[in-house]
Amino acid sequence: FVSHVSHELRTPLTSVKGYVDYLLEGIAGELSPLQRDFLTRLKSNADRLLRLITDLLDLARIEAGQLVLYPERLSVREVAAEVIETLRPLTVEKGLTLDIAASEGGDTVWADRDRLHQVLLNLTHNAVKFTPPGGLVRVRVEERLAREVVITVEDTGVGIPAEEVERIFAMFHQAHPDSVSSGGSGLGLTIAKKLVELQGGRMWVTSQPGQGSVFGFALPAAEPEAER
């Protein structure tokens, strides 16, 4: 039911969003400052709704066992670098330092590239969102002896209260009151954890209020090509 309704909602919303974009581009004529302001707010809310619908569809497919993964040998460092570049404008605007700590090699996993990108983008964007100006967000990638690649997203942000840590991956749970107003759906971490587990991995979090958070996940390291 959720999957069907979400799909039916996404089609007209995508059309609405498309026409708002056309108007903002000036295709229907020049806009007054007030018209542009109203349309920009409309676009922001349409984007937020579309993200929520996409999250609901992903969750419905995962819970129904219908999500199709396309695993391949890939470098976590390369995917992390793509995520960092995607978020670079936001970090510059906030005055944050965003970097990656990963050595060459030892970061190859057998995973779905798009879904790995989705997980990393969610964790890193959350870290950026809850880190005040002047702070640091770092993506760290390292291979462990247990034949797994461990990826952590560390920040110097506001941290998570102890009573919230155990519930942080629950559906629709918001650890921070301003998450809703900033466009969070409360599903991103739930979906990220499920995507990691579907690929044979695990996810965790450690945090202290006022001292930042570390969200980590591990994926099985890919076998050397000669062994496959």
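1. The side chain of Ser75 reaches the backbone nitrogen of Arg77 at 3.3 Å, and a polar contact of 2.6 Å joins the side chains of Ser75 and Asp107. A polar contact here is a pair of N or O atoms within 3.5 Å, where within protein one must be able to donate a hydrogen and the other to accept it, and where residues adjacent in sequence count only if both atoms are side-chain atoms. Ser75 lies in strand 1 (residues 71–75) and is buried, with a relative accessible area of 12%; buried means under 20%, exposed over 50% and partly exposed in between, with a 1.4 Å probe and protein chains only.

2. This is a predicted model, in which local features need pLDDT of at least 70 and side-chain atom pairs count only at pLDDT 80 or more, while totals for chains, interfaces and linings use all residues. Residues are numbered from 1 along each chain as its sequence is written, and side-chain values use heavy atoms, with hydrogens and water left out.

3. Helix 3 (residues 76–94) and helix 4 (residues 113–129) pack at an angle of about 30°, their axes being 9 Å apart, which makes helix 3 roughly parallel to helix 4 (angles under 35 degrees count as roughly parallel). Axes are lines fitted to C-alpha atoms, for helices over the stretch in contact, and angles run from 0 to 180 degrees between N-to-C directions. The contact (heavy atoms within 4.5 Å) involves, among others, Val79, Val83, Leu87 and Leu90 of helix 3 and Leu116, Leu120, Leu121 and Val128 of helix 4. Its residues divide into 10 nonpolar, 5 polar and 5 charged.

4. Helix 4 also packs with helix 7, at an angle of about 140° and with the axes 10 Å apart. The contact is made by Arg115, Gln118, Val119, Asn122, Leu123 and Asn126 of helix 4, together with Gly188, Leu189, Ile191, Ala192, Leu195 and Val196 of helix 7. These residues divide into 7 nonpolar, 4 polar and 1 charged.

5. In helix 7 (residues 188–198), the buried residues are Gly188, Leu189, Thr190, Ile191, Ala192, Leu195 and Val196. What covers them includes helix 2 (33–63), helix 4, strand 6 (202–207) and strand 7 (213–220). Just after helix 7, Gly200 takes a positive phi of about 80°. Helices (H or I, at least four residues) and strands (E, at least two) are DSSP runs, numbered from the N terminus.

Terms used
Angles under 35 degrees count as roughly parallel, over 145 as roughly antiparallel, 65 to 115 as roughly perpendicular and the rest as oblique. Ala, Val, Leu, Ile, Met, Phe, Trp, Tyr, Cys and Pro count as nonpolar, Asp, Glu, Lys and Arg as charged, and the others, Gly among them, as polar.
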